[in-house]
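Open your viewer and keep the selection tool at hand. We will go from stop to stop, with something to select at each one.

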Protein chains: 2
Amino acid sequence: VGGTAPLGAIDFGGTKTAVALVDAQGRVLRRLRLDTPARPTPEQAVEHLGRAWEALVADVPAADRPVRVGLTVPGPADAGAGIVRRAFDWGWRDVPLGALLARRLGLPVRLDNDVNACCLAEMRFGVAAGVRDFVWLQLSTGVGGAIVCGGQLHPGAAGLAGEVGHMVLEEGGPPCACGHRGCLEALVSGPAIARRYAEACAGGATPPPAGGDAQGVFRAAQAGDTRAAAVLDGVARDLGRAVAFVANLLDPELVVLGGGVMESLHPWLPAIRRAALERMLEADHRRLRLERSGVGYDAALLGAALLAEG
Amino acid sequence: VGGTAPLGAIDFGGTKTAVALVDAQGRVLRRLRLDTPARPTPEQAVEHLGRAWEALVADVPAADRPVRVGLTVPGPADAGAGIVRRAFDWGWRDVPLGALLARRLGLPVRLDNDVNACCLAEMRFGVAAGVRDFVWLQLSTGVGGAIVCGGQLHPGAAGLAGEVGHMVLEEGGPPCACGHRGCLEALVSGPAIARRYAEACAGGATPPPAGGDAQGVFRAAQAGDTRAAAVLDGVARDLGRAVAFVANLLDPELVVLGGGVMESLHPWLPAIRRAALERMLEADHRRLRLERSGVGYDAALLGAALLAEG
């Protein structure tokens with residue numbers, strides 16, 4: 001029992017929620033994708049996730065249902081205690097979501113923050129398989145990271161390791177959600193890319209496409225817009241500088257670049273590498289591999305499934 | 001035999017060499033301190049270290065002499081192979097100093113770079129005893145560091161982890177020995193402190209004391225020189241910003257500040273802490289301890305002794 005049952009996975013994101021059954025090889029057997037309610041209370045979150053789960057498993061025979069559920073959350077978490085320490089956009093602090101959802105589902109729930117879960121998925125199913133020392137950097141709406149040291153995820157003393165997004169790269173630069181200025185996140189996240197492009201277009205003859213998000217900037221660059229290409233070159237340089245610092249400090253075997261922004265930014269990998277090597281100490285002695293995520297968009301969901309393992 | 005013999009320790013520094021016998025409790029039983037020859041070749045280095053060692057043990061009965069020697073070197077090293085990868089000031093590259101000195105002494109020699117050795121000494125005899133995850137930062141002529149993860153020194157994929165000194169804190173800032181500008185080392189090392197003070201005094205009514213080194217700046221601050229105090233406040237702020245980034249990334253239990261500059265800068269620890277907390281994410285959740293080294297000036301020598309352990 002349980003050995004052949006699929007793993008239950010819930011990726012509870014800031015804007016989207018995915019629930020899925022996943023097999024031990026990382027194949028998604030079935031999935032549902034829903035909008036996350038705006039600014040849910042913990043009670044609303046439990047009800048939302050409970051209904052999504054019930055819809056997923058409604059026509060699965062009881063014997064074939066998961067015996068445990070893994071859950072990713074969009075903020076720092078105490079994985080051992082099943083507590084969401086913070087969900088910034090929701091105003092949450094120290095919510096015991098693991099226990100609350102377990103009661104609702106009648107199943108054990110193990111949770112961790114989404115970035116750590118993505119990193120676990122990369123270790124099992126992606127380009128970091130078998131790598132003992134690596135760093136996972138995630139570029140999406142925010143910029144986060146996770147560190148694997150000696151084959152183990154390094155949680156940090158307070159479970160808060162991996163915050164690479166708030167390295168200040170540009171003193172007095174653009175404001176960041178954290179309250180400082182010029183953080184990596186304020187320079188290379190999806191919203192930052194959109195902002196840089198809008199600034200590059202301001203006052204120009206051709207205005208940027210309306211309602212531009214980062215995807216719009218990538219489309220513009222592909223269509224030959226030199227301002228968009230210049231913005232993305234700058235993003236690659238900034239990201240390379242951040243990679244260099246992480247590499248100087250940790251000398252990892254591998255740095256994996258994941259998250260939604262990287263799914264579009266990957267043609268800039270050689271430029272990111274050049275910018276990193278320029279700033280790395282003893283670059284010729286280091287064996288740094290810099291690679292795009294091998295698990296891509298499903299990273300968090302696969303990571304959630306791994307949390308559900310025995 | 002060997003169980004009660006003292007440990008042999010050689011701290012082969014850029015300007016000074018120390019050789020010592022150390023007991024298992026970290027007490028220095030006897031020591032000699034010499035100038036390191038200017039820009040030694042490997043052969044000159046072996047002869048220099050061999051003579052220093054012979055002078056140290058000359059009147060020690062053969063039965064009471066160490067059975068193994070630990071050696072620290074001022075640059076990146078491959079500890080396993082006993083090779084000095086680089087000694088920048090000497091123009092060395094890939095020198096098998098461990099084997100060369102072992103042949104000269106007729107004893108096994110284990111080497112590592114001085115920063116790693118200091119970190120080992122801090123773990124055994126200093127404020128990091130019993131701490132599983134911490135970062136050692138060393139401020140002296142250069143700025144280096146070492147990372148302990150899960151109770152083990154984290155060497156990195158190429159043995160080059162811990163290079164915290166070349167985080168760029170000030171784009172276009174003062175030139176650094178590494179070829180870039182505005183690195184932490186170019187802002188808070190001993191020579192950087194002297195340079196900042198000279199700049200602060202340039203054009204002023206009172207010139208700075210001649211031939212000023214960092215110690216002169218500390219003396220001036222103690223004597224009430226407000227320019228010196230302002231420079232050291234700035235150094236503390238820059239160091240705090242670097243501590244914040246390391247803490248955001250690794251979430252260590254402890255950051256230890258060591259090296260010769262810290263032996264004078266320690267009254268600025270509260271200022272360093274304030275600057276770090278200002279830049280740390282979720283500072284209220286983190287349990288960061290920030291402490292001055294407990295092994296002080298003897299860190300490298302005690303670390304060398306630990307390399308000589310069985």
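**Before you start**

This is a predicted model: local features need pLDDT of at least 70, side-chain atom pairs count only at pLDDT 80 or more, and totals for chains, interfaces and linings use all residues. Residues are numbered from 1 along each chain as its sequence is written, chains are lettered from A and ligands numbered from 1 in the order in which they are written, and side-chain values use heavy atoms, with hydrogens and water left out.

**Stop 1: α6 and α7 of chain B**

Select residues 214-222 of chain B, helix α6, and residues 226-250 of chain B, helix α7. Helices here are DSSP runs of H or I, at least four residues; strands are runs of E, at least two; both are numbered from the N terminus. The two helices pack at about 120°, with axes 7 Å apart. Axes are lines fitted to C-alpha atoms, for helices over the stretch in contact, and angles run from 0 to 180 degrees between N-to-C directions. α6(B) and α7(B) are therefore oblique to each other. (Under 35 degrees is roughly parallel, over 145 roughly antiparallel, 65 to 115 roughly perpendicular, and the rest oblique.)

Now show the side chains. From α6(B), V217(B), F218(B), A220(B) and A221(B) touch A228(B), A229(B) and L232(B) of α7(B). Contact means heavy atoms within 4.5 Å. By class, this contact has 7 nonpolar, no polar and no charged residues. (Ala, Val, Leu, Ile, Met, Phe, Trp, Tyr, Cys and Pro count as nonpolar, Asp, Glu, Lys and Arg as charged, and the others, Gly among them, as polar.)

**Stop 2: α3 and α10 of chain B**

Next, select residues 114-125 (α3) and 299-307 (α10) of chain B. Their angle is about 85°. α3(B) and α10(B) are therefore roughly perpendicular to each other. Residues that meet here include L120(B) and R124(B) from α3(B), and L302(B) and G303(B) from α10(B).

**Stop 3: between the chains**

Color chains A and B separately. The contact takes 43 residues from chain A and 43 from chain B. Which salt bridge can you find between E171(B) and R279(A)? Their side chains meet at 3.2 Å, N to O. A salt bridge is a side-chain nitrogen of Lys or Arg within 4 Å of a carboxyl oxygen of Asp or Glu. This interface has 4 salt bridges.

**Stop 4: R30 and D59 of chain B**

Last, select R30(B) and D59(B), a salt bridge with its closest N and O atoms 2.7 Å apart. R30(B) lies in strand β3 and D59(B) in the loop between α1 and β4 of chain B, so the pair ties together parts 29 residues apart in sequence.
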